[in-house]
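Please examine the sequence and the three-dimensional model shown here. The briefing below is arranged by topic.

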Amino acid sequence: MILNPHQWVATHADYLYAYAITRVNDEEQAKDLVQETFLAALEKVATFEGKSSERTWLTAILRNKIIDVYRKKSSGLKNIEVQKAEEEQHDFFEEDGHWVAEHGPKEFGIEDKDQLVNKEFDTILKKCMEKLPALWMAVFTMKHIDEEPTDTICVELKVTASNFWVIIHRAKLNLRACLQKNWI
């Protein structure tokens with residue numbers, strides 16, 4: 001397969017932008033990542049082996065750039081952000097581990113097939129995800145949006161398996177609380 005860099009922007013920019021924006025929740029950063037992807041791909045044109053499509057190859061480059069963003073954000077993670085997020089979920093459970101009645105799971109109503117309702121839900125979910133500490137958002141996104149295996153996430157983000165499960169649990173609790181507050 002022969003690469004056609006002159007057509008990349010016209011052919012792949014919208015797809016790559018959509019891929020990036022759902023993972024970083026920042027329009028400017030998503031645009032920058034797509035541009036960086038094209039630049040990196042131009043530098044590596046000679047290494048393209050043709051084992052995948054042009055789009056798949058560009059998406060893999062973009063994915064690695066997004067993981068670099070996750071790493072950068074999580075390495076600067078302040079303990080204050082984590083403590084604040086942990087405090088917000090502290091009231092969810094009784095001493096024995098059972099749900100506090102008013103914080104127990106409720107129906108979200110996302111089963112609705114109405115596209116407008118789904119779009120509103122997606123907007124609120126993105127805003128809730130932005131409130132998560134950077135590492136939590138990265139872990140949640142890789143696990144539940146990218147559907148990456150746990151081992152891959154742990155290696156890419158340099159977290160232990162037990163830390164991964166604590167992070168994913170806390171991220172879900174915070175997202176659930178945010179969604180219940182802003183969606184239901």
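This is a predicted model: local features need pLDDT of at least 70, side-chain atom pairs count only at pLDDT 80 or more; totals for chains, interfaces and linings use all residues.

Residues are numbered from 1 along each chain as its sequence is written, and side-chain values use heavy atoms, with hydrogens and water left out.

**Overall fold**

- The protein chain has eight helices and zero strands, where helices (H or I, at least four residues) and strands (E, at least two) are DSSP runs numbered from the N terminus.
- Along the sequence, the pattern reads α-α-α-α-α-α-α-α.
- Of the 184 residues, 39% count as buried; buried means under 20% relative accessible area, exposed means over 50%, and partly exposed lies in between (1.4 Å probe, protein chains only).
- Among contacts (heavy atoms within 4.5 Å) with a separation of 6 or more, 73% are between residues 24 or more positions apart.
- The chain exposes about 11500 Å², and carbon and sulfur atoms supply 53% of this area. Accessible areas come from the Shrake-Rupley method with a 1.4 Å probe, and for residues only the protein chains shown count as cover.

**A buried residue: Val 24**

- Val 24 is found in helix H1 (residues 8-24).
- Val 24 has a relative accessible area of 3%, and therefore counts as buried.
- Leaving aside residues up to four places away in sequence, Val 24 touches Gln 29, Ala 30, Leu 33, Ile 66, Val 69, Lys 73 and Met 137.
- Val 24 and Val 69 are 45 residues apart along the chain, and their C-alpha atoms are separated by 8.3 Å.

**Aromatic rings**

- There are four aromatic pairs. Rings of Phe, Tyr and Trp (its six-membered ring) pair if their centres lie within 6.5 Å; planes under 30 degrees apart count as stacked, over 60 as edge-to-face and the rest as tilted.
- One aromatic cluster is formed by Trp 8, Phe 38, Phe 48 and Trp 57.
- Arg 23 lies over the face of Tyr 19, at 3.7 Å from the ring centre. A charge sits over a ring if NZ of Lys or CZ of Arg is within 6 Å of the ring centre and within 35 degrees of the ring normal.
- Arg 55 is placed over the face of Tyr 15, at 4.4 Å from the ring centre.

**Salt bridges**

- Side chains of opposite charge can pair when their charged atoms come close.
- The count comes to six salt bridges, each being a side-chain nitrogen of Lys or Arg within 4 Å of a carboxyl oxygen of Asp or Glu.
- Glu 148 forms a salt bridge with Arg 63, with the closest N and O atoms 2.8 Å apart. This pair links distant parts of the chain, 85 residues apart: Glu 148 is in the loop between helix H6 (134-145) and helix H7 (150-157), and Arg 63 is in helix H3 (residues 54-75). Both Glu 148 and Arg 63 are buried.
- Glu 49 and Lys 51 meet in a salt bridge (3.1 Å, N to O), and both are exposed.
- Lys 31 and Glu 28 form a salt bridge (3.8 Å, N to O); both lie in helix H2 (residues 27-43), three residues apart, about one turn of the helix.
- Asp 68, Arg 71 and Glu 156 are linked in a network of salt bridges.

**A nonpolar surface patch**

- Leu 39, Leu 42 and Val 45 make a nonpolar surface patch of about 250 Å². Patches are made of residues with over 30% relative accessible area and no salt bridge; like charges are joined within 9 Å, and nonpolar side chains (Val, Leu, Ile, Met, Phe, Trp, Tyr) within 5 Å.
- Leu 39 lies in helix H2 and counts as exposed, at 53% relative accessibility.
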